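Please examine the sequence and the three-dimensional structure shown here.

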Amino acid sequence: MENYTQTSTDFILLGLFPPSRIGLLLFILIVLIFLMALFGNLSMILLIFLDNRLHTPMYFLLSQLSLIDLNYISTIVPKMAFNFVFGNKSISFIGCGFQSFFFLTLGGAEALLLTSMAYDRYVAICFPLHYPIRMSKKVCVLMITGSWIMGSINSCAHTVYALHIPYCRSRSINHFFCDVPAMLTLACMDTWVYEYTVFVSTTLFLVFPFIGIACSYGRVLLAICRMHSTEGRKRAYSTCSTHLTVVTLCYVPFAYTYLRPRSLRSPAEDKVLAVFYTILTPMLNPIIYSLRNKEVMGALRRMIQRICFLKM
């Protein structure tokens, strides 16, 4: 078998779209979803930045989620679209490393940020009098900074490992981006140690935070049931159900993909799940948070009225 060095040969991304009309339709659909995600997340960031009524910890965290989603989908889709349009499926070794690094960093940061958002709702509903202290601006900054730093450290460890192992099989990655587990199927060494670290990493970044979120929302539901105000109860239910929807869309496909052993995984199934958490979720998050949130919709109406007034 021909032996390849780590720096001499590009990887080949087999991609997502079959070379047919169905592939072209899927490509157009993905591009439309990408544009919707860009517009939705940029609009959410600008809306929260420009409207003073949204300058609260909850919306500050939400703006960071939109920022992560904006970068998340931009890490994957442009390269995939470029490869499809120009028929060039190659990606350089270093480019593959960068894509993997940013993907893992943003994924880890989003998982931890969603945990911070759950804690924010827990404090707001269960300890409303302590909220200004427990969720001060300093605490929010620490949460966001911690999410990015921990996501970067985890990503750096996985990426460095992937870039320093020998690849002696085909350079064709059966995926539409440089997912490290898909890359390791091409390695010419036993990677069981790394697979164990993936399990540990996924447990730390997904399973434990999900358990924490579930416990916090269990307390929140008890607090909501004790509320005397019907309007307050509806508002709390709406906020919590929105966040739980986003958490489910993000955590479940991710955990199902990375907690399974290699023997139970298939490239086709991994691609479908990856589409869900790399492309669909960044597009759905701003829609879920805007359409089910009266404050965001109110801010949007005020912004539209302000723009129309300026034009007149």
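A residue is called buried when its relative accessible area is under 20%, exposed when that area is over 50%, and partly exposed in between, as computed with a 1.4 Å probe on protein chains only. The structure is a predicted model, in which local features need pLDDT of at least 70 and side-chain atom pairs count only at pLDDT 80 or more, while totals for chains, interfaces and linings use all residues. Residues are numbered from 1 along each chain as its sequence is written, and side-chain values use heavy atoms, with hydrogens and water left out.

The annotated spans give a first orientation. The unreviewed UniProt entry places the feature "transmembrane region" at residues 22–50, 57–77, 97–119, 139–161, 199–224, 236–259 and 271–291. The UniProt positions follow the numbering used here, feature names are shortened, and annotations may be inferred rather than shown by experiment. Helices (H or I, at least four residues) and strands (E, at least two) are DSSP runs, numbered from the N terminus. In the model, residues 139–161 are 100% helix and 0% strand, with end C-alpha atoms 33 Å apart. Residues 271–291 are likewise 100% helix and 0% strand, and their end C-alpha atoms lie 29 Å apart.

The model also contains an open sheet of 3 strands, in the order β2-β1-β3 and with mixed pairing. Its edge strands are β2 (90–91) and β3, each of which pairs on one side only. Two strands count as paired if DSSP finds at least two bridges between them; β1 (residues 11–13) and β3 pair in the parallel sense over 2 bridges. Within this sheet, I12 stands opposite S172 in β3. S170 is placed in the loop between α5 (137–163) and β3 (172–173), and it counts as partly exposed because its relative accessibility is 43%. S170 and T185 are separated by 15 residues in sequence and by 9.6 Å in space, C-alpha to C-alpha.

Which residues have the most contacts inside the largest nonpolar core? They are F11, F103, Y167 and I173, in a core of 86 residues. Helix α3 (residues 93–126) gives the most to this core, with 14 residues. A nonpolar core is here a set of buried Ala, Val, Leu, Ile, Met, Phe, Trp, Tyr and Cys residues joined through side-chain atoms within 4.5 Å.

The charged side chains come next. A salt bridge is a side-chain nitrogen of Lys or Arg within 4 Å of a carboxyl oxygen of Asp or Glu, and a search of the whole structure finds 5 salt bridges. One of them joins the side chains of R302 and D51, at 3.1 Å from N to O. R302 lies in helix α10 (residues 294–311) and D51 in the loop between α1 (21–50) and α2 (57–86), so the pair ties together parts that are 251 residues apart in sequence. R302 counts as partly exposed because its relative accessibility is 25%, whereas D51, at 3%, counts as buried.

A network of salt bridges links R260, R265, E269 and D270. The side chains of R260 and E269 meet at 2.6 Å, N to O; R260 is buried, with a relative accessible area of 10%, and E269 is partly exposed, with 29%. R265 forms a salt bridge with D270, the closest N and O atoms being 3.1 Å apart. D270 is buried, with a relative accessible area of 9%.

Finally, the spaces. On a 1 Å grid over the protein atoms alone, a cavity is a set of points where a 1.4 Å probe fits but cannot get out, and a pocket is an open set with protein on both sides within 12 Å along at least five of seven lines; lining residues have an atom within 4 Å of a point. Grid points are joined across faces, edges and corners, and a volume is the space filled by probe spheres set on the points. The count comes to 1 cavity of 30 Å³ or more, and the largest cavity has a volume of about 230 Å³. Its lining comprises 17 residues, of which L104, N154, S201, T202 and F254 lie nearest its centre. The elements giving two or more residues to this lining are α3, α5, α6 (180–184), α7 (192–225) and α8 (230–259), and α7 gives the most, with 6 residues.

The largest pocket holds about 730 Å³ of space. Of the 27 residues that line the largest pocket, M58, R121, R235, T239 and E295 lie nearest its centre. Two or more residues of this lining come from each of α2, α3, α8 and α10, with the largest share, 9 residues, from α8.
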